[in-house]
Amino acid sequence: MASHPDLIVLGAGSGGLATSFRAAEHGARVALVDPAELGGTCVHRGCVPKKALWFAAQWEQAQRLAAAVGFATQPGPLDWARFRTVRARYIDGIEQRYGERLQRANVQRFRQRARFAGPDVVELADGTRLQAPHIVIATGGRPRTLSLPGFDLGMVSDDVFALSTCPRRVAIVGGGYIAVEFAGLLQALGSEVTVLARERLLQGFDDELVQALAAHMHAQGIDVHYNTDVTAARRTDAGILLDDAPAGVVGPFDALLWAVGRVPNTDDLGLAAVGVDTDERGRVRVDARQKTSVEGILAIGDASTDRALTPVAVAAGRHLADRLFGGQPDAQFDGENIPSVLFSKPPLGTVGMTEAQARRQHGDQVVVYRSRFTPMQWSLAGEQGQSLMKLVCVGAEERVVGIHALGPGADEMLQGFAVALKAGLRKRDLDATLAIHPTSAEELVLMR
C-alpha cells in the first residue's frame, strides 16, 4: 500500500478493528496504526479477562450450591496459575484470529505510535508519514491515576489480571462499575473486600437496583464505606493503611485497587495543533455521526465523548465505514436505549431510562412494575437473597422506556428484551407473551 490510503485508523481495539474490517469490505484501502496488541483494552485488560474472572467466581458459587443439594464435591480454591494459562490461551487465540482477518482484508498494520502532522496527515514514530482524506481516532482509554501520596502502593484495573494469588484483604477505592465488579469477583475468590466509594455506588444506574445490589454485597461480606475521601496510602508492617478525610485511618490491607475512573488515550496525538476539540477530560468531542471539529477527522469509542462501551465503539465504527465507503450516506449509530450489563455478583442488566430519569422527563405519566423473588437455584440450595426485575413505563399505552434486572441470568436474558424495547415495546405486549416456566426471565412478562 502506498502512503496515501483511503482511511487511517488510529487504534487497534474493538472499535478500530471493526471500522477497519468494514471499510475494507467496502473496498477501501485501510492503514491501521497501533503500537500495541490487537484487541485493545477489551480483549487484553477489560471485557474478556474480566468475564473470565467472573466465570471463575460463578463456578466457585456453583461448587457450593452443588454441595448443598447433594453432590459430593466440596468447594476448593482457584488454581490461579492454571487459570491464568487457560485465560492467556483464549486471549492469544482472539488476537491471532484478528491478525489473520487483517491479512485477508489487506489492511496494512503499522505497529508504531502516531501523532497528527496535519488535518489529513499522521506521522509515525519512525518518521513515516501517512495521508488520507479520513482519519479515525480509536485510541481507547486507560485507568485514571491520581497524584496522591502512596498511589503507587496500589493497583489499577489492568494490574488485577496479573495477580498470581488472591489477596486476603483488599481495599477498592471507587464506586463505579469497575469497583463493584472487582469487589464481587475478588470476594468470591477468597478476598476480604472493603469498598470506599466517593459518594454512592454506580452513578447513573437505577437507584432501586443499586440498593438491592448493595444489599447482596453486604450479605456476601463486602464492607462498603460511603462518602469517603481517600487522601493518601501508606505501607506499614501490618499492611497498607488509607487516610480517609471523613473517617480517619482505614485498614490494614494486603492489597489496594484504585478504581477511580478512566481517561482517554488522546494526550500524545497532537490534537490541539490541528484544531480537534476535546472536553475537560481529554475526550474528543463528536456529534451523532462521530464527526469532530475538523473535517475528515472522526472519533469513536473511549477516546471520544460517546458512551464508553465496546459494542458502542463497534457499532459506531461500522456505521461510519458504511457511510464513508459503503454508499450509505444516512448510516448513523443510534445511541438511544443502549443495553449494558454490570458483571457484579449477581449481575445487573439495564436498558433504557432509570425510574428517576423517566420521572424527570415524564412526571406523573410514569408507571413502575417490579418483581422480587428468590431464584430457584438459590432456593433449592438454601441460599438467601432475591432477584429484582423492574419495568419503567410511560403514558396511557404504558410504553416501556426502561427495563432493569438484577439476579442470576440477568446478563443473558436482557438482550432479547432490549430488542423489544427498541421496537416500541408496551406493557400489554409483555402481558400477551406466554411465560417460559420455570425461569427467572418469565417474571418480566408476569408483572401486575
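Contact here means heavy atoms within 4.5 Å. This is a predicted model in which local features need pLDDT of at least 70 and side-chain atom pairs count only at pLDDT 80 or more, while totals for chains, interfaces and linings use all residues. Residues are numbered from 1 along each chain as its sequence is written, and side-chain values use heavy atoms, with hydrogens and water left out.

**View 1. Phe182 and its contacts.** Not counting residues up to four places away in sequence, Phe182 touches Leu53, Ser157, Val160, Phe161, Ile172 and Leu257.

**View 2. The largest nonpolar core.** A nonpolar core is a set of buried Ala, Val, Leu, Ile, Met, Phe, Trp, Tyr and Cys residues joined through side-chain atoms within 4.5 Å. Buried stands for under 20% relative accessible area, exposed for over 50%, and partly exposed for values in between (1.4 Å probe, protein chains only). Which residues touch the most other members of the largest nonpolar core? They are Leu53, Ile172, Phe182 and Leu201, out of 45 residues. Among the elements that give two or more residues to this core are helix H3 (47-68), helix H4 (80-104) and helix H6 (177-188); helices (H or I, at least four residues) and strands (E, at least two) are DSSP runs, numbered from the N terminus. The largest share of this core, eight residues, comes from H6. A second, separate core has 29 residues, including Phe21, Tyr98, Leu102 and Ala315. In soluble globular proteins, nonpolar side chains tend to be buried together.

**View 3. A nonpolar patch on the surface.** Here you can find Val69, Phe71, Met376 and Leu380, which form a nonpolar patch with about 450 Å² of accessible area together. Patches are made of residues with over 30% relative accessible area and no salt bridge, with like charges joined within 9 Å and nonpolar side chains (Val, Leu, Ile, Met, Phe, Trp, Tyr) within 5 Å. Accessible areas come from the Shrake-Rupley method with a 1.4 Å probe, and for residues only the protein chains shown count as cover. Leu380 is found in helix H11 (residues 376-380) and is exposed, with a relative accessible area of 60%.

View 4. Rings of Phe, Tyr and Trp (its six-membered ring) pair if their centres lie within 6.5 Å; planes under 30 degrees apart count as stacked, over 60 as edge-to-face and the rest as tilted. The whole structure has seven aromatic pairs. In one of them, the rings of Phe55 and Trp59 have centres 5.6 Å apart and planes at 15 degrees, so this pair is stacked. Phe55 and Trp59 are four residues apart in helix H3, separated by about one helical turn. Phe55 is partly exposed, at 34% relative accessible area, whereas Trp59 is exposed, at 55%. Together with Trp54 and Phe343, Phe55 and Trp59 form one aromatic cluster.

**View 5. Backbone details to look for.** The peptide bond from Gly251 to Pro252 is cis, with omega near 5 degrees, and Pro252 belongs to strand S14 (residues 248-253). Another cis peptide bond joins His437 and Pro438, with omega about -5 degrees. Asn227 has a positive phi, near 55 degrees, although this residue is not glycine. Is Asn227 buried or exposed? Asn227 is exposed, at 52% relative accessibility. Gln290 also has a positive phi, near 65 degrees, but is buried, with a relative accessible area of 1%.

**View 6. Salt bridges.** A salt bridge is a side-chain nitrogen of Lys or Arg within 4 Å of a carboxyl oxygen of Asp or Glu. The structure holds 29 salt bridges. One of them links Glu25 and Arg22 (3.6 Å, N to O), residues that are three places apart in helix H1 (residues 14-25) and separated by about one helical turn. Asp267 forms a salt bridge with Arg142, with the closest N and O atoms 2.9 Å apart. Asp267 lies in the loop between strand S16 (262-264) and H8, and Arg142 in strand S8 (residues 141-143), so the pair ties together parts that are 125 residues apart in sequence. Asp267 is exposed, at 52% relative accessible area, and Arg142 is partly exposed, at 32%.
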